[in-house]
Amino acid sequence: MKPVAPGTVIFHRYRGYGVITSVNLLTGWISARFGSEGRALDLNLSSDQVQHADGEPILFRIAPPARMPHARLMAMVRELHRAGYQRLYLYSWPKPSGLHWRWHLFTGPRSWMQRAWREGWYGSGADYNLNPVMGWGDAPGAGAEELASTLAKFDPQGLAQALGRDEDHTAWFEEVCAALLPDYAFSLGWDHRDGPQPASLPIISVRRGVPDYAGPPLPWPPGWARLWNTARTDLVVRTDRADAPFDASR
């Protein structure tokens with residue numbers, strides 16, 4: 001299915017051509033403005049017979065779009081690893097509500113708890129639901145190669161720090177991508193109320209209607225067990241703080 005995002009031109013059988021002004025990929029509701037109408041009209045993509053401008057139906061219920069970006073990010077990171085940027089890492093963890101997952105790309109030393117933060121290199125599924133872009137000049141629905149290209153243009157200095165070899169992590173990441181893409185992604189966080197750290201990597205689906213992951217258990221990243229044996233063990237999901245929306249410990 002073509003991407004659905006603010007700015008997408010659509011066709012409605014009664015209203016004619018219009019432009020999406022806002023979208024919620026979690027619920028399937030959009031707002032769109034038609035012609036000279038003074039206000040936007042709320043429509044449901046599952047029942048209001050909305051089409052793309054070229055007449056292609058928007059099959060939100062039959063072919064739901066990804067409502068979180070993590071699988072697309074994994075595909076991009078895999079492409080960059082293959083191109084020699086093996087010191088690029090993806091950290092993802094759930095928000096306390098469990099409704100959305102955050103993501104963070106970082107480069108340089110593989111330090112999961114002391115990650116370098118660069119503008120545009122992190123985000124949340126909550127933001128992605130309303131505007132399905134990563135935030136570095138990419139277009140909705142861009143493929144892995146396009147995402148990598150736009151990231152390189154957005155922050156060439158930051159991406160240059162990912163050049164180098166990390167063969168253990170790259171092999172692990174290839175294994176995880178082969179097992180999960182395109183419908184699943186991994187999480188490196190869990191809720192301590194569910195108990196101790198799971199034995200295998202937590203798996204999440206990126207779109208509605210996907211059955212629970214039934215593949216083989218996947219290992220945690222290289223060095224993860226040693227990290228948790230030597231670092232503090234409370235870096236799990238606890239409470240949300242409005243003053244620190246991207247606190248790495250949450």
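Tutor: A crossing is left-handed if the near helix is turned anticlockwise from the far one by less than a right angle, and right-handed if clockwise. The model is predicted, with local features needing pLDDT of at least 70, side-chain atom pairs counting only at pLDDT 80 or more, and totals for chains, interfaces and linings using all residues. Residues are numbered from 1 along each chain as its sequence is written, and side-chain values use heavy atoms, leaving out hydrogens and water.

Student: What is the handedness of the crossing of H1 and H5, left-handed or right-handed?

Tutor: The crossing of H1 and H5 is left-handed.

Student: Why is H1 called oblique to H5?

Tutor: The axes of H1 and helix H5 (residues 167-180) cross at roughly 140 degrees and come within 10 Å. H1 is therefore oblique to H5, since angles under 35 degrees count as roughly parallel, over 145 as roughly antiparallel, 65 to 115 as roughly perpendicular and the rest as oblique. Axes are lines fitted to C-alpha atoms, for helices over the stretch in contact, and angles run from 0 to 180 degrees between N-to-C directions.

Student: Which residues of H1 make the contact with H5?

Tutor: Met74, Val77, Arg78, His81 and Arg82 of H1 make the contact, where contact means heavy atoms within 4.5 Å.

Student: What makes E6 and E7 a pair?

Tutor: Two strands pair if DSSP finds at least two bridges between them. Strands (E, at least two residues) and helices (H or I, at least four) are DSSP runs, numbered from the N terminus. E6 is joined to strand E7 (residues 101-107) by 7 bridges, so the two strands pair. Among the partners, Ser92 is bridged to Trp103 in E7.
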